[in-house]
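User: I would like to go through the labels attached to this model and see what each one rests on. Please give the value and the cut-off each time.

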Amino acid sequence: CTHNQKHICQHMGLYGHNYPGCLAEYSTIPANATYVLKTPLSARYASIMEPFGVAYRCVEEVKVPGDTLLIIGMGPIGLAASA
């Protein structure tokens, strides 16, 4: 929290757990948790950028001894990592 790594902060709050609104039609978030897209993308494509970014970073940073990797869970991130 004090080193600008809020994604691993012990006191991090989550929508739907600590804050109401994750399944609401509208919700508010802090401005510093947003990003303005600089290219025109439809909401459909823009909405998958975060899970694909997580999968991409995982695949790029993992050090696999050998050439086989097991992906457990085929949700959006697992599917993106396997592509």
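User: What does A55 touch, not counting residues up to four places away in sequence?

Analyst: This is a predicted model. In it, A55 touches I77, A80 and A81 once residues up to four places away in sequence are left out. A contact here requires heavy atoms within 4.5 Å. A55 itself lies in helix α2.

User: Why is A55 called buried?

Analyst: Its relative accessibility is 3%. Buried means under 20%, so A55 at 3% counts as buried.

User: How far is A55 from L79, in sequence and in space?

Analyst: A55 and L79 are 24 residues apart in sequence, and their C-alpha atoms are 8.5 Å apart in space. For T28 and A55, the sequence separation is 27 residues and the C-alpha to C-alpha separation is 26 Å.

User: What makes E61 and R57 a salt bridge?

Analyst: The closest N and O atoms of E61 and R57 are 2.9 Å apart. The criterion is a side-chain nitrogen of Lys or Arg within 4 Å of a carboxyl oxygen of Asp or Glu. An Arg and a Glu at 2.9 Å meet that criterion, so the pair is called a salt bridge. Side chains of opposite charge can pair when their charged atoms come close. A search of the whole structure finds one salt bridge.

User: Where do E61 and R57 lie?

Analyst: Both lie in helix α2, which covers residues 49–61. They are four residues apart, about one turn of the helix.

User: Why is R57 called exposed, and why is E61 called partly exposed?

Analyst: R57 has a relative accessible area of 54%. Exposed means over 50%, so R57 is exposed. E61 has 47%, and partly exposed covers values between the buried limit of 20% and the exposed limit of 50%. E61 is therefore partly exposed.

User: How do you know how the chain compares with a compact globule?

Analyst: A compact globule of 83 residues would have a radius of gyration near 12 Å, whereas the chain has 16 Å. Along its principal axes, the C-alpha trace spans about 45 × 35 × 25 Å. Of the 83 residues, 7% count as buried. Among contacts with a separation of 6 or more, 20% come from residues 24 or more positions apart.

User: What does the secondary structure of the chain come to?

Analyst: There are three helices and zero strands, and the elements run α-α-α from the N terminus on.

Methods:
Residues are numbered from 1 along each chain as its sequence is written. This is a predicted model: local features need pLDDT of at least 70, side-chain atom pairs count only at pLDDT 80 or more; totals for chains, interfaces and linings use all residues. Side-chain values use heavy atoms; hydrogens and water are left out. Helices (H or I, at least four residues) and strands (E, at least two) are DSSP runs, numbered from the N terminus. Buried means under 20% relative accessible area, exposed over 50%, partly exposed in between (1.4 Å probe, protein chains only). The radius of gyration is taken over C-alpha atoms; the globule rule is 2.2 Å times the number of residues to the power 0.38.
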